[in-house]
Amino acid sequence: MAIGLRNLSFLLLPGRCVLCELPTLRSADLCLTCEQAMADRQSRCQCCALPLPAPGWCGECQRDTPPFTRTITGCDYRDPARTLVLRLKHQRDLAAGRALAQLLYHHITPNYVGDNLPDGLVAVPQHWRRTLARGFNQARELANHLGTELGIPVIDNSRRLRHHPSQQGQNRQARLRNIKGSFDVRKTLDRRHVAIVDDVMTTGSTVRALALSLQEAGADRVDVWCVARTALEK
Ligand SMILES: [Zn+2]
Ligand SMILES: [Zn+2]
(Lines give C-alpha, C1' and ligand atoms only; values in the text may rest on other atoms or scores of the structure.)
(Ligands and ions follow the chains in the order given, each with its own letter.)
Protein backbone atom coordinates (compact mmCIF):
# COMPACT_ATOMS: atom_id res chain seq x y z
CA MET A 1 0.00 0.00 0.00
CA ALA A 2 2.72 2.46 1.01
CA ILE A 3 4.78 1.61 -2.09
CA GLY A 4 1.72 1.99 -4.33
CA LEU A 5 0.94 5.42 -2.92
CA ARG A 6 4.52 6.55 -3.26
CA ASN A 7 4.70 5.49 -6.91
CA LEU A 8 1.38 7.20 -7.55
CA SER A 9 2.65 10.45 -6.04
CA PHE A 10 5.73 10.31 -8.30
CA LEU A 11 3.43 9.82 -11.32
CA LEU A 12 1.27 12.79 -10.40
CA LEU A 13 4.12 15.07 -9.29
CA PRO A 14 7.27 14.29 -11.28
CA GLY A 15 10.12 13.97 -8.77
CA ARG A 16 13.05 16.36 -8.59
CA CYS A 17 16.47 14.99 -7.78
CA VAL A 18 17.44 15.85 -4.20
CA LEU A 19 20.97 16.68 -5.38
CA CYS A 20 20.85 18.36 -8.80
CA GLU A 21 17.14 19.34 -8.70
CA LEU A 22 16.56 18.13 -12.28
CA PRO A 23 13.48 15.95 -12.92
CA THR A 24 14.31 12.35 -11.99
CA LEU A 25 11.99 10.95 -14.70
CA ARG A 26 11.38 7.90 -12.50
CA SER A 27 9.89 7.03 -9.15
CA ALA A 28 13.02 7.91 -7.18
CA ASP A 29 14.42 10.89 -5.29
CA LEU A 30 17.80 10.71 -7.07
CA CYS A 31 18.22 11.04 -10.84
CA LEU A 32 20.12 8.24 -12.56
CA THR A 33 23.18 10.46 -13.16
CA CYS A 34 23.53 11.43 -9.48
CA GLU A 35 22.85 7.85 -8.37
CA GLN A 36 25.57 6.54 -10.70
CA ALA A 37 27.97 9.24 -9.50
CA MET A 38 27.45 7.94 -5.96
CA ALA A 39 27.83 4.26 -6.92
CA ASP A 40 30.17 2.31 -4.66
CA ARG A 41 33.13 0.85 -6.52
CA GLN A 42 35.25 0.34 -3.41
CA SER A 43 36.58 -3.05 -2.20
CA ARG A 44 35.52 -3.56 1.39
CA CYS A 45 36.06 -5.75 4.43
CA GLN A 46 33.55 -8.59 4.16
CA CYS A 47 32.63 -8.16 7.81
CA CYS A 48 32.69 -4.42 8.62
CA ALA A 49 32.71 -2.83 5.10
CA LEU A 50 35.88 -0.85 5.81
CA PRO A 51 37.44 0.30 2.51
CA LEU A 52 40.30 -2.07 1.60
CA PRO A 53 42.60 -2.35 -1.42
CA ALA A 54 41.10 -5.82 -2.15
CA PRO A 55 38.11 -7.75 -0.75
CA GLY A 56 38.81 -9.79 2.39
CA TRP A 57 38.83 -9.17 6.15
CA CYS A 58 40.42 -6.05 7.62
CA GLY A 59 43.08 -6.32 10.32
CA GLU A 60 40.71 -5.16 13.06
CA CYS A 61 38.05 -7.81 12.25
CA GLN A 62 40.76 -10.50 12.09
CA ARG A 63 42.14 -9.45 15.50
CA ASP A 64 38.79 -9.00 17.21
CA THR A 65 35.91 -10.67 15.33
CA PRO A 66 32.85 -8.40 15.54
CA PRO A 67 29.54 -9.69 16.96
CA PHE A 68 27.90 -9.14 13.57
CA THR A 69 28.12 -11.32 10.47
CA ARG A 70 28.35 -8.78 7.68
CA THR A 71 27.94 -5.10 6.87
CA ILE A 72 26.19 -3.71 3.81
CA THR A 73 26.88 -0.09 2.97
CA GLY A 74 25.65 2.21 0.21
CA CYS A 75 28.82 4.27 -0.25
CA ASP A 76 31.75 6.01 1.41
CA TYR A 77 30.94 8.84 3.80
CA ARG A 78 31.92 11.75 1.57
CA ASP A 79 30.08 14.20 -0.61
CA PRO A 80 27.49 14.10 -1.99
CA ALA A 81 26.26 11.32 0.37
CA ARG A 82 27.62 13.29 3.33
CA THR A 83 25.53 16.32 2.36
CA LEU A 84 22.39 14.16 2.19
CA VAL A 85 23.13 12.55 5.58
CA LEU A 86 23.57 15.97 7.20
CA ARG A 87 20.40 17.29 5.54
CA LEU A 88 18.45 14.34 6.92
CA LYS A 89 20.00 14.59 10.39
CA HIS A 90 20.02 18.32 11.02
CA GLN A 91 17.31 19.69 8.72
CA ARG A 92 14.97 16.72 8.85
CA ASP A 93 15.01 16.57 5.04
CA LEU A 94 12.88 13.48 4.51
CA ALA A 95 13.43 13.39 0.72
CA ALA A 96 17.18 13.16 1.41
CA GLY A 97 16.40 10.30 3.80
CA ARG A 98 14.36 8.49 1.15
CA ALA A 99 17.17 8.93 -1.38
CA LEU A 100 19.71 7.48 1.07
CA ALA A 101 17.44 4.54 1.89
CA GLN A 102 17.03 3.86 -1.85
CA LEU A 103 20.79 3.97 -2.34
CA LEU A 104 21.31 1.42 0.42
CA TYR A 105 18.38 -0.70 -0.79
CA HIS A 106 20.10 -1.15 -4.20
CA HIS A 107 23.05 -2.74 -2.37
CA ILE A 108 21.01 -5.01 -0.14
CA THR A 109 19.16 -7.33 -2.53
CA PRO A 110 22.16 -8.24 -4.77
CA ASN A 111 24.27 -8.87 -1.67
CA TYR A 112 21.79 -11.40 -0.25
CA VAL A 113 21.62 -13.67 -3.30
CA GLY A 114 22.18 -17.14 -1.79
CA ASP A 115 21.81 -15.77 1.75
CA ASN A 116 18.76 -15.17 3.91
CA LEU A 117 17.50 -11.64 4.41
CA PRO A 118 17.01 -10.72 8.07
CA ASP A 119 13.53 -11.14 9.51
CA GLY A 120 13.65 -7.93 11.56
CA LEU A 121 15.31 -4.49 11.41
CA VAL A 122 16.57 -2.59 14.47
CA ALA A 123 17.32 1.12 14.06
CA VAL A 124 20.24 2.28 16.24
CA PRO A 125 18.36 3.94 19.11
CA GLN A 126 19.02 7.49 20.19
CA HIS A 127 18.95 8.69 23.73
CA TRP A 128 15.54 10.26 24.37
CA ARG A 129 17.15 13.63 25.01
CA ARG A 130 18.63 13.66 21.51
CA THR A 131 15.34 12.57 19.94
CA LEU A 132 13.64 15.36 21.83
CA ALA A 133 16.16 17.94 20.57
CA ARG A 134 16.16 16.66 16.98
CA GLY A 135 12.50 15.70 16.75
CA PHE A 136 13.17 12.29 15.24
CA ASN A 137 15.70 9.48 14.88
CA GLN A 138 17.29 9.43 11.41
CA ALA A 139 18.24 5.73 11.73
CA ARG A 140 14.58 4.92 12.41
CA GLU A 141 13.56 6.95 9.37
CA LEU A 142 15.91 4.86 7.19
CA ALA A 143 14.78 1.58 8.78
CA ASN A 144 11.14 2.46 8.12
CA HIS A 145 11.84 2.97 4.41
CA LEU A 146 13.87 -0.21 4.07
CA GLY A 147 11.32 -2.21 6.05
CA THR A 148 8.53 -1.04 3.75
CA GLU A 149 10.51 -1.74 0.57
CA LEU A 150 11.61 -5.21 1.69
CA GLY A 151 8.55 -6.24 3.70
CA ILE A 152 10.62 -6.70 6.87
CA PRO A 153 9.22 -5.46 10.22
CA VAL A 154 11.08 -2.83 12.23
CA ILE A 155 11.52 -4.10 15.78
CA ASP A 156 11.15 -1.55 18.58
CA ASN A 157 12.84 -3.28 21.48
CA SER A 158 15.96 -1.22 22.15
CA ARG A 159 16.71 1.98 23.96
CA ARG A 160 19.83 3.97 24.58
CA LEU A 161 20.63 4.33 28.24
CA ARG A 162 23.35 6.93 28.17
CA HIS A 163 23.61 10.26 26.46
CA HIS A 164 26.97 10.81 24.76
CA PRO A 165 27.16 14.47 23.79
CA SER A 166 29.70 13.71 21.07
CA GLN A 167 32.18 10.97 20.40
CA GLN A 168 34.07 13.00 17.85
CA GLY A 169 37.75 13.34 18.52
CA GLN A 170 37.92 10.17 20.61
CA ASN A 171 39.94 7.24 19.41
CA ARG A 172 38.46 3.81 18.81
CA GLN A 173 39.44 2.36 22.21
CA ALA A 174 37.92 5.33 24.07
CA ARG A 175 34.71 5.07 22.06
CA LEU A 176 34.42 1.33 22.70
CA ARG A 177 34.91 1.86 26.45
CA ASN A 178 32.34 4.65 26.48
CA ILE A 179 29.66 2.84 24.58
CA LYS A 180 29.80 -0.52 26.40
CA GLY A 181 26.52 -1.26 28.14
CA SER A 182 24.82 1.73 26.47
CA PHE A 183 21.84 -0.21 25.17
CA ASP A 184 18.92 -1.87 26.87
CA VAL A 185 17.27 -4.48 24.65
CA ARG A 186 14.11 -6.38 25.62
CA LYS A 187 14.62 -10.14 25.44
CA THR A 188 12.22 -10.68 22.57
CA LEU A 189 14.58 -11.86 19.83
CA ASP A 190 14.21 -15.59 20.21
CA ARG A 191 16.64 -16.97 17.59
CA ARG A 192 15.90 -14.17 15.16
CA HIS A 193 18.12 -12.87 12.39
CA VAL A 194 18.14 -9.08 12.58
CA ALA A 195 19.88 -6.19 10.80
CA ILE A 196 20.99 -3.04 12.60
CA VAL A 197 20.19 0.06 10.52
CA ASP A 198 22.23 3.26 10.86
CA ASP A 199 23.14 6.29 8.77
CA VAL A 200 26.92 6.40 9.19
CA MET A 201 29.35 3.79 10.50
CA THR A 202 32.62 5.26 11.73
CA THR A 203 34.68 3.10 14.09
CA GLY A 204 31.95 0.48 14.41
CA SER A 205 31.95 0.78 18.22
CA THR A 206 28.24 1.68 18.34
CA VAL A 207 27.12 -1.26 16.20
CA ARG A 208 29.45 -3.61 18.07
CA ALA A 209 27.85 -2.64 21.38
CA LEU A 210 24.30 -2.85 20.01
CA ALA A 211 24.98 -6.19 18.26
CA LEU A 212 26.22 -7.65 21.57
CA SER A 213 23.05 -6.47 23.33
CA LEU A 214 20.88 -7.93 20.54
CA GLN A 215 22.66 -11.28 20.89
CA GLU A 216 22.12 -11.19 24.64
CA ALA A 217 18.43 -10.55 23.86
CA GLY A 218 18.35 -13.81 21.89
CA ALA A 219 19.26 -12.85 18.32
CA ASP A 220 20.85 -15.69 16.38
CA ARG A 221 22.53 -13.53 13.80
CA VAL A 222 23.09 -9.80 13.49
CA ASP A 223 23.93 -7.99 10.23
CA VAL A 224 24.63 -4.28 9.84
CA TRP A 225 23.15 -2.01 7.17
CA CYS A 226 24.59 1.50 7.07
CA VAL A 227 24.09 4.10 4.39
CA ALA A 228 27.67 5.37 4.46
CA ARG A 229 30.98 4.09 5.81
CA THR A 230 33.98 6.17 6.81
CA ALA A 231 37.58 5.08 6.48
CA LEU A 232 39.09 4.05 9.80
CA GLU A 233 40.63 6.86 11.79
CA LYS A 234 43.89 6.34 13.61
ZN1 LIG B 1 20.51 14.45 -9.88
ZN1 LIG C 1 36.54 -5.32 9.05
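**Close-up views of a predicted chain**

Of the contacts in the chain with a separation of 6 or more, 71% are between residues 24 or more positions apart, two residues being in contact if their C-beta atoms, placed from the backbone, lie within 7 Å. This is a predicted model, in which local features need pLDDT of at least 70, side-chain atom pairs count only at pLDDT 80 or more, and totals for chains, interfaces and linings use all residues. Residues are numbered from 1 along each chain as its sequence is written, while chains are lettered from A and ligands numbered from 1 in the order in which they are written.

**View 1. Helix H5 and its cover.** Helix H5 (residues 94-111) has 18 residues; helices (H or I, at least four residues) and strands (E, at least two) are DSSP runs, numbered from the N terminus. Among the buried residues of H5 are Ala96, Gly97, Leu100 and Leu104, where buried means that 20 or more other C-beta atoms lie within 10 Å of the residue's own, with C-beta atoms placed from the backbone. What covers the buried residues of H5 includes helix H2 (32-37), strand E1 (71-76) and helix H4 (81-91).

**View 2. The open sheet.** Four strands form an open sheet in the order E1-E6-E5-E2, with parallel pairing, and two strands pair if DSSP finds at least two bridges between them. The edge strands are E1 and strand E2 (120-123), each of which pairs on one side only.

**View 3. Strands E2 and E5.** E2 is joined by 4 bridges to strand E5 (residues 193-201), and the two run parallel. Ala123 stands opposite Val197 in E5.

How values were computed:
Expected span 1.5 Å × (residues − 1). Buried ≥ 20, exposed ≤ 12 C-beta atoms within 10 Å, placed from the backbone.
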